[in-house]
Amino acid sequence: MNRLRTAMLMALVAALAAVPSAAWAAEYETKLKVALTAQPPTLDPPLTVSQAALDVAQNFFETLYTQDGNFKPTPMLAKSCEISDDRRTYTFRLREGVLFHNGKEMDADDVAASMNYWLEKSARARNLLSGSKFEAKDRYTVVLALPNPTGDVLSLMSAQANFPAIRPRDVIERATEKGVAEYVGTGPFVFEEWKPDQYIRLTRNPNYRALDTEPSGFAGRREALVEEVRYHFVPDAATRLAGLLSGEYDVADDIPAENYKELKGARNVVVHTDLGGTLTLFFNVREGVLADPKMRKAVNAVLNMDDIMLASFADKDLYALDPNYMNPEGIWASEAGKERYNRNSPDEARALLKEAGYGGQEVHLLTTPDYDEMYKATLVVQEQLRQVGIDAKVDAYDFPTFMEKKKDFRNWDLFITSNAYQLTPQQLLALNPEWAGANDPRLKEGVEKIRAAGNHDDAKKAWDELQGFLYDYLSSIALGQYREVAAVSDKVEGFVFWQAPILWNTKVRK
């Protein structure tokens, strides 16, 4: 009998040792639940600059290069890149054995097709890499040929805001005018389902081959530590917060600033902040009443940035008044144009309106309540414009409709968006004619001067000149700088908030 008991005990011990996941399953949740502030307009990265879209897509799509925690371009699906002496040829060596979610191994034909699709569809790529082409040299080598010497290709490719996602060639070939509809990537999670107006569901990729380098920013080892990630679309901030506090959600993004201090003192919640970007106002310089430069100067003259930023971000720990389009703590910080920033002069605005012959035409302010800071800033600007006699009307839509309306210049006169910091000035949406229509040739000339500079000092001088011109031309205005806020349950482990919520290497205690 004792022998039987001993044998049974040994069998039980062996069984438990053979299934180490049993203890893991008992200790951790299998699902990670995220409250997302807006439904993405698409999940095809080259077609959008929507942060919601890119935050979701980064889990199942990957790129040749990405950024590490020091913003350095770092290999992801590429092993290396050789740049020719004349900076016109970039040769990428690919990792071998990387599988797409459909089981096919990634090769140079897939990469060339994906990158050429990016060159065609991405507004930034079209603007900065026009005339370039990727070609497969052999199964694991891809060559980029550029028409002109360029040294910023890896910075452009690695930035999450640009996101040249690598997909199978046949998926790219089946793309329609609306883009790629099959979300097949190489990432640690697999796209499973998008239920409109409700959620997006991802599952763990069992065939993922993680890098063996330490995680840093978006670079390094990525591991799916949950079986499922579900992004719930929750535009109402109060609902997101209540769900976080009740345990309905594990992660909530885009926390309204007025809830920042409340959440910092809440039990069972951890608040994360990170350098955000610039709250930026964009003018319609092509059509409508603000196509007149004097009208734009009148709007700029009346703006009180203190009131706009306080209404948008509530807590002074979360914003700063500063005219920079780039990170004011970074190597591109500039004081150019500061004399035209935060004028807060209604009398000057009224004089400019009279000089422009303003006749009371409606000025349409396009916005979305899905992003709290954008919506509140727009309401404050509306009131400031009305105080000097401008008939300002707010047109508010859900975020996907906002993005669609923005494409037609007949729909708006100005809009405000929160724009993440970029690595280099040439990546700014304020310099991209496809974003808001700014098409003065001096913008393009300024960008080319920055890119052609032989050293940073010359490039910085060119950027100072260009930022100064932006404040003269007034196709846009940097309203101020902000920090981003996200919050997670204190049961969440491994979560990183760096430019975006990073969900790989993350798990949730029961």
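View 1. Y183 counts as buried at 14% relative accessibility, where buried means under 20% relative accessible area, exposed over 50% and partly exposed in between (1.4 Å probe, protein chains only). This is a predicted model, in which local features need pLDDT of at least 70 and side-chain atom pairs count only at pLDDT 80 or more, while totals for chains, interfaces and linings use all residues. Residues are numbered from 1 along each chain as its sequence is written, and side-chain values use heavy atoms, with hydrogens and water left out.

**View 2. Aromatic pairs.** Rings of Phe, Tyr and Trp (its six-membered ring) pair if their centres lie within 6.5 Å; planes under 30 degrees apart count as stacked, over 60 as edge-to-face and the rest as tilted. The count by this rule is 21 aromatic pairs. F60 and F61 make an edge-to-face pair, 4.8 Å centre to centre with 65° between the planes. For Y183 and F191 the ring centres are 4.9 Å apart and the planes stand at 80°, so this pair is edge-to-face.

**View 3. An aromatic cluster and a charge over a ring.** One aromatic cluster is formed by F282, Y371, F399, F402, F409, W412, F415 and W435. The charged end of K406 sits over the ring of W435, 3.9 Å from its centre; this requires NZ of Lys or CZ of Arg within 6 Å of the ring centre and within 35 degrees of the ring normal.

**View 4. R222 and W504.** R222 lies over the face of W504, at 3.9 Å from the ring centre.
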